[in-house]
Amino acid sequence: QLQLVESGGGLVQPGGSLRLSCVASGFTFTWQDMSWVRQAPGKGPEWVSTVNGGLPRTYYADSVKGRFTISRDNANKTLYLQMNNLKPEDTAMYYCVKEGFRLATVRRSSWGQGTQVTVSS
């Protein structure tokens with residue numbers, strides 16, 4: 001059974017940092033492309049970042065490039081998203097996703113439960 005448990009969200013001031021974690025189980029993590037998706041209230045899901053299961057290669061949405069870093073620890077089956085220089089527009093529920101960038105925003109069954117990130121002064 002797929003399990004993705006996100007943690008690390010919270011309330012931070014603009015310019016602050018958070019590190020999100022996602023502990024995965026129920027599938028072979030090492031070779032699985034993984035993504036982060038976020039969704040603000042009343043808006044559709046937005047792809048944030050993807051790390052491939054192979055090399056690994058990383059990819060970022062233009063809105064977070066240079067501020068966010070995706071990484072993975074295959075030994076502990078954990079996905080991370082380091083978020084620096086946070087902006088109010090980053091406020092959203094952040095989901096760990098068992099998909100690459102092509103399907104991350106549409107295959108809802110591959111999302112975790114989410115962790116809330118709120119950026120406000």
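Mentor: Start with Asp90 and Arg67, whose side chains meet in a salt bridge at 2.7 Å, N to O; the term means a side-chain nitrogen of Lys or Arg within 4 Å of a carboxyl oxygen of Asp or Glu. Asp90 sits in the loop between E8 and E9, and Arg67 in the loop between strand E6 (58-60) and E7, so the pair ties together parts that are 23 residues apart in sequence. Strands here are DSSP runs of E with at least two residues, numbered from the N terminus. Asp90 is buried at a relative accessible area of 0%, and Arg67 is buried at 9%. Buried is under 20% relative accessible area, exposed is over 50%, and partly exposed is in between, for a 1.4 Å probe and protein chains only. Salt bridges with shared partners put Arg38, Glu46, Arg67 and Asp90 into one network.

The model is predicted, so local features need pLDDT of at least 70 and side-chain atom pairs count only at pLDDT 80 or more, while totals for chains, interfaces and linings use all residues. Residues are numbered from 1 along each chain as its sequence is written, and side-chain values use heavy atoms, with hydrogens and water left out.

Now take Arg38, which is found in strand E4. Its side chain meets that of Asp90 in a salt bridge of 2.9 Å, N to O. This pair links distant parts of the chain: Arg38 is in E4 (residues 34-39), Asp90 is in the loop between E8 (78-83) and E9 (92-97), and they are 52 residues apart. Arg38 and Asp90 are both buried, with Arg38 at 5% relative accessibility. Arg38 also forms a salt bridge with Glu46, at 2.8 Å, N to O. Glu46, by contrast, is partly exposed, with a relative accessible area of 32%. The structure holds five salt bridges.

The side chain of Arg38 has a polar contact with the side chain of Tyr94 too, at 2.8 Å; such a contact is a pair of N or O atoms within 3.5 Å, where within protein one must be able to donate a hydrogen and the other to accept it, and residues adjacent in sequence count only if both atoms are side-chain atoms. Leaving aside neighbours within four places in sequence, the residues in contact with Arg38 include Val48, Ser63, Val64, Phe68 and Met93, contact meaning heavy atoms within 4.5 Å.

Six strands form an open sheet in the order E2-E10-E9-E4-E5-E6, with mixed pairing; two strands pair if DSSP finds at least two bridges between them. E2 (10-12) and E6 stand at the edges with a single partner strand each, so one side of each is left without a neighbour in the sheet. E4 and E5 (residues 46-51) run antiparallel and are joined by five bridges. The bridge partner of Trp36 in E5 is Ser49.

E7 and E8 belong to an open sheet of four strands, ordered E1-E3-E8-E7 with antiparallel pairing. Its edge strands are E1 (3-7) and E7 (68-73), each of which pairs on one side only.
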